[in-house]
Amino acid sequence: MESVAAIIVKYDTIINSAFWLILLLSILFYISLRAGSAYSIVNRLWQFFLGPPEFFDKKLNKLWNERNDIEHFNMLFNVKAKNKQEINKFISWVKNNKIDIIKISRAKGWFNFSTLEAVRPKTIITILILVGALLCIYGFFVTMTVAAKPAALVKIEKDEPWIWVGLKQTSNYIPNLDTSNFKFNNWSLSLEQCVNKNFDRDKFSLKTNLKRTTIDMLCKSFTDEIDQKSISAIIKKQNAFFILSIIPVVFCFYLFIAFIRRVYAVELANELKIKIN
C-alpha cells in the first residue's frame with residue numbers, strides 16, 4: 001500500500017492545479033461579494049472567449065458603463081450602492097457633513113447606503129464574537145501542540161487525566177491542581193525514575209492522579225518494543241492535526257474581522273450622531 005507522502009508526490013500536479021483553481025475562485029468570489037455583482041467578471045470572460053466587451057448599441061454601452069462605475073465604486077469604498085443616484089446623494093452628504101469616507105468603508109455591513117445611516121451592532125453579540133475568536137486561538141494552539149509534540153496524547157483509564165506518553169518520557173497534559181497549596185503541578189516520568197529503587201510509586205500516584213497499575217504500565221512502555229512501536233504510530237497519526245489547525249485559524253480570522261467591523265460601526269455611529277445632530 002502506498003504511503004500518503006507517495007500519493008501526494010504522485011499526484012503533485014493535480015494537487016497544485018486544484019490549489020490554484022480554488023485560489024482563483026476564492027478571489028473571484030471575493031470581488032463579486034465586495035462589488036455587489038459579478039457583471040465585470042462575466043464581461044471579462046465574454047471578452048476572452050467570445051468577442052469584444054463593448055455593445056454595438058450605444059444605449060447598452062451607456063448602461064454598461066454606468067453599471068461598471070457602480071461596481072468600481074462599491075469595490076473601492078466597500079459599500080453597497082445600487083445606482084448612480086445613491087452615489088451622488090452619498091457624495092453630497094459626505095461633503096456637507098464632513099464625514100471621513102474611510103470610516104464608512106471600515107464599517108462594512110453596518111452602514112445603510114440607501115438611507116445614509118449607521119447601524120449600531122449589539123454589544124453582547126460583539127463580546128461573544130471576541131470570545132469566540134479567542135477560543136479559536138486557543139483551539140489553534142491546542143491542535144498545533146498535539147501535531148508538533150513528539151508524544152502521544154492518551155487517556156489510560158476513564159477516571160485518570162490525559163497525559164503525554166513519549167518514547168523516553170511521560171508528562172502531564174494539563175497541570176494537576178494541588179488543593180493543599182492551590183498550585184498547579186507539572187510532573188514527568190522517565191526510565192531513570194522507574195529503575196530507581198527509591199522511587200515511591202504510591203506517592204507519585206497521589207501527585208499525578210494515575211493509578212499504580214498505570215504507572216507500572218508506563219514504566220514498562222519505555223523498554224517494551226511493542227509499546228514503543230504503538231507510541232510511534234500514534235505520534236505519526238497526530239501529525240494530521242497540522243491540517244486540522246487550519247480550521248480554527250480560518251474561523252479566528254473571520255471572527256476578528258467581524259469584531260473589528262463592529263467596533264468601527266460603533267465609532268461611526270457615534271460620529272454621525274454628533275455631526276449630523
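Residues are called buried under 20% relative accessible area, exposed over 50% and partly exposed in between, using a 1.4 Å probe and protein chains only. The structure described here is a predicted model, in which local features need pLDDT of at least 70 and side-chain atom pairs count only at pLDDT 80 or more, while totals for chains, interfaces and linings use all residues. Numbering starts from 1 along each chain as its sequence is written, and side-chain values use heavy atoms, with hydrogens and water left out.

**Salt bridges**

A salt bridge here is a side-chain nitrogen of Lys or Arg within 4 Å of a carboxyl oxygen of Asp or Glu. The structure holds 10 salt bridges.

Helices (H or I, at least four residues) and strands (E, at least two) are DSSP runs, numbered from the N terminus. Asp-159 is exposed, at 57% relative accessible area, whereas Lys-211 is partly exposed, at 34%.

Asp-216 and Arg-212 are both in helix α10, four residues apart, so about one helical turn separates them. Both are partly exposed: Asp-216 has a relative accessibility of 31% and Arg-212 one of 39%.

In helix α11 (residues 225–237), Glu-225 and Lys-229 are likewise four residues apart, about one helical turn. Glu-225 is exposed at 57% relative accessibility, and Lys-229 is exposed at 56%.

**Strands and Asn-172**

Two strands are taken to pair if DSSP finds at least two bridges between them. Strand β5 (residues 169–172) runs antiparallel to β4, with three bridges between them. A hairpin of three residues connects β4 to β5, and Trp-164 stands opposite Ser-171 in β5. Strand β5 is also joined by three bridges to strand β8 (residues 188–190), again antiparallel. There, Thr-170 has Leu-189 in β8 as its bridge partner.

Asn-172 belongs to strand β5 and is buried, with 9% relative accessibility. A polar contact is a pair of N or O atoms within 3.5 Å; within protein, one must be able to donate a hydrogen and the other to accept it, and residues adjacent in sequence count only if both atoms are side-chain atoms. The Asn-172 side chain makes such a contact with the side chain of Asn-186, at 3.0 Å. A polar atom of the Asn-172 side chain also lies 2.7 Å from the backbone nitrogen of Trp-187. Leaving aside residues up to four places away in sequence, Asn-172 touches Trp-162, Trp-164, Asn-185, Asn-186 and Trp-187, where contact means heavy atoms within 4.5 Å.
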